[in-house]
Amino acid sequence: FIATPHWLGAMQIGDGFIVVRPQDSEDYQLLFQPDKGEFANETTFITSKDALAEMQVKVISEPQKFICASTDGLEKLAIRISDWKPFPPFFKPFEEYLEETANPEDEAEYLVNFLKSERLNARTDDDKTLLLCLWEKN
């Protein structure tokens, strides 16, 4: 994705997710339903011959307060698969962490502990990459 103070452009191919929260809303939104393929652990890769046909693209012409992009390892915890809605209790602590931490890139212990926690690892054995963004007015 590419985000500016005024718009967001995003694309997705394969699994994983991108969740946003617009500045004028309290609701988290899943940008794309992840591509799960026909069989378990099957997805479309960027190197696939039909990658362009499978790619999902979206441009949102309104500012986003919070953005979270992740690999599929956190999907079961973050997204209700029954209706493809983000699970707010997963995202809200991350947003609060970014709001309350002066230098999140230097003080990543909270995130590292979360991603390495036994409680989390008991619920997923897949990769867990997480990218968090928060827009703040200066």
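**Close-up views of a predicted model**

**View 1. The buried side of helix H3.** Phe90, Phe91, Phe94, Glu95, Tyr97 and Leu98 are the buried residues of H3 (buried: under 20% relative accessible area; exposed: over 50%; partly exposed: in between; 1.4 Å probe, protein chains only). Around the axis they span an arc of only 155°, which puts them on the same side of H3; the arc is taken from the directions running from the helix axis to the C-beta atoms. In general, an α-helix has 3.6 residues a turn, so residues three or four places apart point the same way. H3 itself covers residues 88–100, 13 residues in total, and its first and last C-alpha are 18 Å apart, close to the 18 Å expected at 1.5 Å a residue. That expected span is 1.5 Å times one less than the number of residues. Helices (H or I, at least four residues) and strands (E, at least two) are DSSP runs, numbered from the N terminus.

A quick note for all views: this is a predicted model, where local features need pLDDT of at least 70, side-chain atom pairs count only at pLDDT 80 or more, and totals for chains, interfaces and linings use all residues. Residues are numbered from 1 along each chain as its sequence is written, and side-chain values use heavy atoms, with hydrogens and water left out.

View 2. Phe17 belongs to strand E3 and Phe91 to helix H3, so the pair ties together parts that are 74 residues apart in sequence. Both Phe17 and Phe91 are buried. Phe90 and Phe114 make another edge-to-face pair, at 6.0 Å centre to centre and 65° between the planes. This pair links distant parts of the chain, with Phe90 in helix H3 and Phe114 in helix H4 (residues 109–116), 24 residues apart. Phe90 is buried at a relative accessible area of 9%, while Phe114, at 23% relative accessibility, counts as partly exposed. Zoom out a bit and ring pairs join Phe17, Tyr28, Phe66, Phe90, Phe91, Phe94, Tyr97, Tyr110 and Phe114 into a cluster.

View 3. E3 (residues 17–22) is mostly covered, with 6 of its 6 residues buried. Phe17, Val19 and Arg21 are buried on one side, and Ile18, Val20 and Pro22 are buried on the other. As a rule, side chains in a regular strand alternate between the two faces of the sheet. E3 sits in an open sheet of 4 strands, ordered E4-E3-E6-E9 with antiparallel pairing (two strands pair if DSSP finds at least two bridges between them). E4 and E9 are the edge strands, each pairing on one side only. E3 pairs with E6 over 6 bridges in the antiparallel sense, and with strand E4 (residues 29–30) over 2 bridges, also antiparallel. E3 and E4 form a hairpin with 6 residues between them, and Val20 has Gln29 as its bridge partner in E4.

View 4. Gln64 lies in strand E6 (residues 64–70) and is the bridge partner of Pro22. It counts as buried, at 6% relative accessibility. The Gln64 side chain reaches the backbone oxygen of Glu62 at 3.1 Å. Leaving out residues up to four places away in sequence, Gln64 touches Leu8, Val20, Arg21, Pro22, Gln23 and Trp135 (contact: heavy atoms within 4.5 Å).

**View 5. Leu134 in strand E9.** Leu134 is found in strand E9 (residues 130–134). E6 and E9 run antiparallel and are joined by 5 bridges, with Cys68 opposite Leu132 in E9. Not counting residues up to four places away in sequence, Leu134 touches Lys65, Glu95, Leu98 and Glu99.

**View 6. The three-stranded sheet.** This open sheet of 3 strands runs E1-E2-E5, with antiparallel pairing. Strands E1 (2–3) and E5 (56–60) stand at the edges with a single partner strand each, so one side of each is left without a neighbour in the sheet. E1 pairs with strand E2 (residues 8–12) over 2 bridges in the antiparallel sense, and Ala3 stands opposite Leu8 in E2.

Methods. A polar contact is a pair of N or O atoms within 3.5 Å; within protein, one must be able to donate a hydrogen and the other to accept it, and residues adjacent in sequence count only if both atoms are side-chain atoms. Rings of Phe, Tyr and Trp (its six-membered ring) pair if their centres lie within 6.5 Å; planes under 30 degrees apart count as stacked, over 60 as edge-to-face and the rest as tilted.
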